[in-house]
Amino acid sequence: MSKSTIAAFAIGLLFGLGLCISGMILPSKVKGFLDVAGPWDPSLAFVMGGAVGVGLIAFRFARGRSRALLGDEMRLPTNQRIDAPLVIGATIFGVGWGLGGVCPGPAIVDLAFLDPQIIVFVLAMSVGMALEKIARGLIGGAC
C-alpha cells in the first residue's frame, strides 16, 4: 500500500469523524442550522468557520507549491469565472441541501450507519451525477 493511499485513508477517516462529531451527518441538525426563521441552531456556523479557516491556510500554503507533501502533482482549480452553470449548480445544491438536510460528503459518511433514507439519497445523487455526465456529453461540454 502506497503512502498516498494510507494518507488518503487517514485524512478521509479524520474528515468523516469530524463530520460525525460536529453533527453534519444529522439532517435534523443541518435543517436546524438552515432554519433561521425558526428555532435556529447556530452551532454548525462554528464548524463552517473552522473549515473555512483551515481551507484558507491550506490553499495559501498549496498555492506556492508544484508538488503535494507526498510528491504528487499539485492540481488546484484555476477557473475564477462565475457563469450560469456555476450559479445554477450552486442553487440546485443549496435547495437540495436545505430540503434534505444532507450534502454529499456527510451522506457518504452516513452510509456506514445503513440509514435507508441516506441510501436512497446517495443512490439519487449518483443517478443525478450520471445524468449530468450524459447531458454534458450530449451537449458537448457546454452545460
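**Notebook: salt bridges, core and surface**

I began with Lys-29, which counts as partly exposed because its relative accessibility is 23%. I note that the model is a predicted one.

I next looked up the partner of Lys-29. Asp-41 forms a salt bridge with Lys-29, and their closest N and O atoms are 3.3 Å apart. This pair links distant parts of the chain, since Lys-29 sits in helix α2 and Asp-41 in the loop between α2 and α3, 12 residues apart. Asp-41 is likewise partly exposed, at 23% relative accessibility.

I searched the whole structure for such pairs and recorded 3 salt bridges. Asp-83 and Arg-81 meet in one, at 2.8 Å from N to O. Arg-81 is exposed, with a relative accessible area of 56%, whereas Asp-83 is partly exposed at 22%. Glu-132 and Arg-136 form another, with N and O atoms 2.8 Å apart; both residues lie in helix α6, about one turn of the helix from each other.

I then returned to helix α2, residues 27–34, and found Val-30, Gly-32 and Phe-33 buried. They lie on the same side of α2 because they cover an arc of only 160 degrees around the axis. The buried residues of α2 pack against α3 and α4.

I traced the largest nonpolar core, which has 9 residues, including Val-30, Phe-33, Leu-44 and Trp-97. Another core, of 5 residues, lies apart from it and includes Val-102 and Ile-118.

Finally, I examined the surface. Val-127, Leu-131, Ile-134, Leu-138 and Ile-139 form a nonpolar patch there, with about 530 Å² of accessible area together. Ile-139 belongs to helix α6, residues 116–139.

Conventions. Residues numbered from 1 in each chain as written. Predicted model: local features only at pLDDT ≥ 70, side-chain atom pairs only at ≥ 80, totals over all residues. Heavy atoms only, no water. Patch = residues over 30% accessible without salt bridge, like charges linked within 9 Å, V, L, I, M, F, W, Y side chains within 5 Å. Areas by Shrake-Rupley, 256 points an atom, 1.4 Å probe, with all protein chains shown as cover. Salt bridge = Lys/Arg side-chain N within 4 Å of Asp/Glu carboxyl O. Helix = DSSP H or I, 4+ residues; strand = E, 2+ residues; numbered from the N terminus. Core = buried A, V, L, I, M, F, W, Y, C linked by side-chain atoms within 4.5 Å. Buried < 20%, exposed > 50% of the residue type's maximum accessible area, 1.4 Å probe, protein only. Arc of directions from axis to C-beta. Contact = heavy atoms within 4.5 Å.
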